[in-house]
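Look at the chain below and trace it from one end to the other.

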Amino acid sequence: MLVVGAGFAGLYQLDHLRKLGYNVKVFEAGSNIGGVWYWNCYPGARVDSYVPLYQFSSEELWRDWNYSELYPSWEELRAYFRHVDKKLGLSRDIRFNTRVTGAEFDTDRDQWVVQASDGSVTRAHFIVLCTGLSAIPYIPSIAGLKDFRGICHHTGLWPQEGVDFKGKRVGVIGTGASGVQVIQEVYQDAAELTVFQRTPNLALPMRQRKLDDETNRRMKETFPERFHKRAETFGGFDYDSAALEVAGLGVRVNAVAPGPIETGMLNRFTGNAERKAGLVSSVPLGRVGKPDEIANALVFLASDKAAFITGHVLSVDGGKSAGWRADPTVRHSEVKPWNRTS
Ligand SMILES: Cc1cc2nc3c(=O)[nH]c(=O)nc-3n(C[C@H](O)[C@H](O)[C@H](O)COP(=O)(O)OP(=O)(O)OC[C@H]3O[C@@H](n4cnc5c(N)ncnc54)[C@H](O)[C@@H]3O)c2cc1C
């Protein structure tokens, strides 16, 4: 059995298929496990699904693992994958730096014949492709890109040794989730930061917080129920209705965390045209702005482009509840109400 890819999906398959008694090998293009968390090690890369959802549901793996933040960073994700590897002994069956380049089915022998970038040819009865949803980074056809003589990197192919931005003039192209994350880190070192933005998105404060041992302990009491719920909902989160209601108002939700938010906040985005216009004009396209301003900007355009809502959403309809409940295991007392000027 050959599994391609050593991210969440591939590692799960390796463990699961082994337990079913198969002889399994994994081929992975990168030189370590973690999938997107191997490739996306750019400054600021982090999860926007809150803990505990972003992990395997097997108790063997969560029982003695504690995330330290509600929205873990790529560094912590890598530590998590090392923990999983140690528990399940996965690496011994993974061939790293091996990109599958082709496969043909040999009907005479009922086997796949698989070619890889190292020149090897491997036969397997089954192939399981766990190659993820972002295995091929998108590089837009920007005129002159090939001739650009400066340093140029893609967040999805970030150098493992990191990039030194100190004193440099930096341009970030794109303000999706990765763009927003990288901007907030790079501006601290760069001499100058310019953000090029074609389609503004909506970015709300994620209200990150540290998770101490006691919070982790209390959260774990809810894990079985949450993981069960996760398998039943539309988006694989432990909620359903809030996301759907918000979507109904014209904002597509990427992630919604449990807990309170300023009531009516989303109404301002979805209901009040003047307010919307104000928000749009606050971050013009291609602007060279003060780094702080860009990092903290609320970016919004009345479009159906994906909105990244990583804060807390409660009522989105000015009174009628979105059917959301606060998470009893997370303390909200320290969370200040958010407003645009803070
Ligand atoms: C910055 C960032 C933040 C994210 N945050 C969240 C979040 O908060 N919540 C959420 O649900 N999702 C999030 N995601 C989405 C993420 O893709 C999934 O959560 C998850 O990691 C996907 O796991 P996977 O195993 O399916 O794929 P991947 O993690 O993409 O792993 C696929 C692996 O296959 C390998 N591969 C591909 N092609 C080949 C080949 N031909 N030969 C050999 N190996 C190959 C790749 O090298 C890679 O290691 C985020 C993604 C990014 C980039």
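## The nonpolar core

The largest nonpolar core has 45 residues, and Val3, Leu11, Ile33, Val172, Ile183, Val186 and Leu193 touch the most other members. A nonpolar core here is a set of buried Ala, Val, Leu, Ile, Met, Phe, Trp, Tyr and Cys residues joined through C-beta atoms within 7 Å. A residue is buried if 20 or more other C-beta atoms lie within 10 Å of its own, exposed if 12 or fewer, and partly exposed in between; the C-beta atoms are placed from the backbone.

Several elements give two or more residues to this core: strand E1 (2-4), H1, strand E2 (25-27), H2, helix H4 (74-88), E8, H5 and E9. Helix H4 gives the most, with five residues. Helices (H or I, at least four residues) and strands (E, at least two) are DSSP runs, numbered from the N terminus.

## About the model

This is a predicted model: local features need pLDDT of at least 70, side-chain atom pairs count only at pLDDT 80 or more, and totals for chains, interfaces and linings use all residues. Residues are numbered from 1 along each chain as its sequence is written.

## The parallel sheet

Strands of a sheet pair through backbone hydrogen bonds, either parallel or antiparallel. Two strands count as paired if DSSP finds at least two bridges between them.

E1 and E2 run parallel and are joined by three bridges. Leu2 stands opposite Lys25 in E2.

## The antiparallel sheet

Another open sheet has three strands in the order E4-E5-E6, and the pairing is antiparallel. Strand E4 (100-106) and strand E6 (121-124) are the edge strands, each pairing on one side only. From one strand to the next, the twist averages 25°. Axes are lines fitted to C-alpha atoms, for helices over the stretch in contact, and angles run from 0 to 180 degrees between N-to-C directions.

Start with E4 and strand E5 (residues 111-116). Six bridges join this antiparallel pair. Val100 stands opposite Ala116 in E5, and Phe105 has Trp112 in E5 as its bridge partner. The two strands form a hairpin with four residues between them; in the turn, Asp110 has a positive phi of about 55°.

Now move on to E5 and E6. They run antiparallel, with four bridges between them. Val113 has Arg123 in E6 as its bridge partner. E5 and E6 also form a hairpin with four residues between them, and Gly119 in the turn has a positive phi of about 90°.

## A β-α-β unit

E8, helix H5 (residues 177-186) and E9 make a right-handed β-α-β unit. A crossover is right-handed if, with the strands pointing away from the viewer, the path from the first strand over the helix to the second runs clockwise. Strand E8 (residues 169-173) and E9 pair in the parallel sense over five bridges. Val170 has Leu193 in E9 as its bridge partner.

Which side chains of strand E9 (residues 192-196) are buried? Leu193 and Val195 are buried and point to one face.

## Around the ligand

The ligand has 29 residues around it, and Gly5, Gly7, Ala9, Gly35 and Gly132 come nearest. A residue is near a molecule or strand if its C-beta atom, placed from the backbone, lies within 6 Å of it. Helix H1 (8-19) and helix H2 (36-39) each supply at least two residues of this shell. The largest share, three residues, comes from H1.

The shell divides into 15 nonpolar, eleven polar and three charged residues. Ala, Val, Leu, Ile, Met, Phe, Trp, Tyr, Cys and Pro count as nonpolar, Asp, Glu, Lys and Arg as charged, and the others, Gly among them, as polar.

## Two single residues

Gln197 sits in the loop between E9 and strand E10 (202-203). Gln197 counts as buried because it has 22 C-beta neighbours inside 10 Å. Gln197 and Gly179 are 18 residues apart along the chain, and their C-alpha atoms are separated by 9.4 Å.

Ala79 lies in helix H4. Why does Ala79 count as partly exposed? Ala79 has 15 C-beta neighbours inside 10 Å. Ala79 and Tyr67 are twelve residues apart in sequence and 9.6 Å apart in space, C-alpha to C-alpha.
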